[in-house]
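Hi,

Here is the structure I promised to pass on to you. Have a look at it first, and then read on for what I found.

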Amino acid sequence: MLRSSQPLTGPNRRRCREDETLLGTILDEGERGFIIDTRSAQAAKQARMTGGGTESKSSYPQWRRLHRPLERGRPLQESFAKLVEACSDPSLSMDRWLGRLESSRWLSHVKAALSTACLAAQCMDREEAKVLVHGAEGTDTTLLVTALAQVILDPSCRTLAGFQGLLEREWIQAGHPFHLRCAHSAYSHARLKQEAPLFLLFLDCVWQLSRQFPFSLEFGEQLLLSLFDNAYASAYGTFLCNNEKERSLCKVKESTHSLWAWLNQPEEQQKLLNPLYSHNTLVIWPSVEPQSLQLWQGLFLRWIRPSQHLAEAWAEIQRLVEES
């Protein structure tokens, strides 16, 4: 699996011989690869007017392009805000609550992200094909798809250490602009153009996987909640800045502590582990049917839903596993 930003073909359909050679050497003679573009065909075409675009069939004859549009900007942020508003209003009747949930379209974004990740995973696992994923800059929906596909395909990414490595590789080092995307929470009245909860959408999709495959992930919900909290407000430097260059200029590693060092302390790590975990070497294929996707209550309803009984149940499960 490869990832990149969009090719800069522009309105004159410029070619890049180096890119063509690079993608050509990845494939054997007669082999075909798939390019998954996370923009619509129309959006990719419009991007040519500002210097972007997509791969032409004549220049990449062994590659088949598939468009799977995913929201990444203001529509996603507005969806997040609408969902939070609905979850914060305890006066709603059940009918109105369900209507607000549906109109927020948050679960539609979850479905689209999981579906696209499954497409990438299927191309690799069932077609045994090479896959290139890109959107516009390659630092938003591109990372969402590649990271989710690896969790689906690779059992090592479903361990606590492997998942941390995945986040470091696919989100932090790959240049997801955390400072811009997570500038404010959904409770803020400010609506900055660059804001979008892409990382939250990824965490929600991983939570859906953990719910559908409760034995296959070594970590539990508490890790995902901690990651969400630290992406928006943190005492650690792990999610600071927008890319590695900025972190280097700001001397983040020298001036701050790592979130991973804190989470990997034995007493903290114990709170994050899934006591039901059993190493699963198989690919985990999630269902994206409406009845299979649920609202992540542990996050979106955690301030209005009592958690005492859930915490007690979780502690009892841990006790029984340790005694067995």
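Helices α5 and α9 lie roughly perpendicular to each other. Please keep in mind that this is a predicted model. The angle at which α5 and α9 pack is about 75°, and their axes are 10 Å apart.

Which residues of α5 and α9 meet? On the α5 side they are Trp106, Leu107, His109, Val110, Ala113 and Leu114, and on the α9 side Leu200, Leu201, Asp204, Cys205, Gln208 and Leu209. Sorted by class, this contact has 9 nonpolar, 2 polar and 1 charged residues.

Now to the sheet. It is open and built from 4 strands in the order β1-β4-β2-β3, with parallel pairing. At its edges are β1 (2-4) and β3 (63-67), each of which pairs on one side only. On average, and ignoring direction, neighbouring strands of this sheet are turned by 20° against each other.

Within β3, arginine 65 stands opposite isoleucine 35.

How many disulfides does the structure hold? The number is 0. For cysteine 157, the closest cysteine sulfur belongs to cysteine 118 and is 15 Å from its own, which is too far for a bond; a disulfide would need the two sulfur atoms within 2.5 Å. Is cysteine 157 buried or exposed? Cysteine 157 is buried, with a relative accessible area of 3%. Cysteine 16, by contrast, is partly exposed, at a relative accessible area of 31%.

One last stop is proline 90, which sits in the loop between α3 (74-87) and α4 (94-104). Proline 90 counts as exposed because its relative accessible area is 75%, and the cut-off for exposed is over 50%. Proline 90 and leucine 101 are 11 residues apart along the chain, and 13 Å separates their C-alpha atoms.

Best wishes

Conventions. Residues numbered from 1 in each chain as written. Predicted model: local features only at pLDDT ≥ 70, side-chain atom pairs only at ≥ 80, totals over all residues. Heavy atoms only, no water. Pairing = 2+ DSSP bridges. Helix = DSSP H or I, 4+ residues; strand = E, 2+ residues; numbered from the N terminus. Axes fitted to C-alpha atoms, helices over the stretch in contact; angles between N-to-C directions. Parallel < 35°, antiparallel > 145°, perpendicular 65-115°, else oblique. Contact = heavy atoms within 4.5 Å. Nonpolar A, V, L, I, M, F, W, Y, C, P; charged D, E, K, R; others polar. Buried < 20%, exposed > 50% of the residue type's maximum accessible area, 1.4 Å probe, protein only.
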